Amino acid sequence: MVMEDSRKPYSYKEYVAGLFAGVAPVVVGHPFDTVKVKLQKHNTNVQGITYRNGFHCTARILATEGVRGLYIGATPSFVGMAFESSLLFGIYSQTKQSLQGGVQSSRPQPQVIIPSAAFAGAIISFVLCPSELVKCRMQIQGTDSLVPKCSGYSSSLDCALKTIKSDGVTGAFRGGSTTFLRESIGNAVFFSVYEYVRYYMHLQLKSGSSDHNNLVDMGIGILSGGLGGVAFWSTVLPLDVAKTIIQTAPDKSSPTNPFQVLNSIYRMSGLRGCYTGLGPTILRAFPANAAAIVTWEVAMKLLGIKNN
């Protein structure tokens, strides 16, 4: 079943809604991300296993650096995620409308969702790459005696300036191709799961003739966003492991091909090594992405945009 799409082009409003959606997951998920990055950096090198698991890593961070240690690198994450999320949701929404060509289906269309999400993911990778490079380099620092001491950066700005000074502007985009792959593939998966879960939950509510209110919408947003986030990271975590290794390598001549890096990890640690950090990643994925989707949907309503 199709119907004419009567929505007006909202231009900037979808980007504003996405901006708000970008802040929420950093508050909720950054500590998990710090643990994930430390595991990926220190449990995949030639020295072998440094941390037994995510809980051991978290305990070591709290013991040596306190709660502040879990939020190290949060500044570039806030800036990067706010800008990235604004572009992601704005480009996705507007590309989807363009591909629908003024005709909107009553059910999700994979031929519209997948290219819209992959295109949006590809665009934001150019914003994410430098901000995540700084974030990762800040996160692997610390005072834990279990890990080798990394180059000291006094702040995120100091890290960015030193990177550009030593490696040039292109050095800030180290791991760019890996970020491109992770974001285009991952967001195609994320939005597909989000749209289908949301559609079928609304369908069940209509058939059950339940009262539809804001709390119900929030519950659907939590479940669809959370499951979408879990699907995203379950799919692209090996690429994320490779990206962390590439971006935090001290040697500029280290390989930047993600498949070459993953092959090296696989030969040393097997498939488990390619999924290093899975525990904290999945623990973070559900609440962080649920928060992003709920914030986005609430912002869309407040801005008068109908989310179809």
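Buried means under 20% relative accessible area, exposed means over 50%, and partly exposed lies in between (1.4 Å probe, protein chains only).

Before moving on, note that this is a predicted model, in which local features need pLDDT of at least 70, side-chain atom pairs count only at pLDDT 80 or more, and totals for chains, interfaces and linings use all residues. Residues are numbered from 1 along each chain as its sequence is written, and side-chain values use heavy atoms, with hydrogens and water left out.

Stop 1: Helices are DSSP runs (H or I, at least four residues), as are strands (E, at least two), numbered from the N terminus.

**Stop 2: ring pairs.** The structure holds 11 aromatic pairs. Rings of Phe, Tyr and Trp (its six-membered ring) pair if their centres lie within 6.5 Å; planes under 30 degrees apart count as stacked, over 60 as edge-to-face and the rest as tilted. Phe190 and Tyr194 form a stacked pair, 6.4 Å centre to centre with 5° between the planes.

Next, select tyrosine 199 and tyrosine 200. Their pair is edge-to-face: 5.0 Å centre to centre, 75° between the planes. Tyr199 counts as buried at 18% relative accessibility, while Tyr200 counts as partly exposed at 37%.

**Stop 3: the cluster.** Which residues form one aromatic cluster? Select Phe89, Tyr92, Phe190, Phe191, Tyr194 and Trp296.

**Stop 4: the surface.** Show Val23, Val27, Val28, Phe78 and Val79, which make a nonpolar surface patch of about 370 Å². Such a patch joins nonpolar side chains (Val, Leu, Ile, Met, Phe, Trp, Tyr) within 5 Å, from residues with over 30% relative accessible area and no salt bridge. A salt bridge is a side-chain nitrogen of Lys or Arg within 4 Å of a carboxyl oxygen of Asp or Glu. Helices α1 (12-42) and α3 (74-100) each give two or more residues to the patch. α1 gives the most, with three residues. Pick Val79 in helix α3: Val79 is exposed, with a relative accessible area of 57%.

**Last stop: the whole chain.** Zoom out. The chain has nine helices and two strands. From the N terminus, the order is β-α-α-α-β-α-α-α-α-α-α. Of its 308 residues, 52% are buried.

Methods:
Patch = residues over 30% accessible without salt bridge, like charges linked within 9 Å, V, L, I, M, F, W, Y side chains within 5 Å. Areas by Shrake-Rupley, 256 points an atom, 1.4 Å probe, with all protein chains shown as cover.
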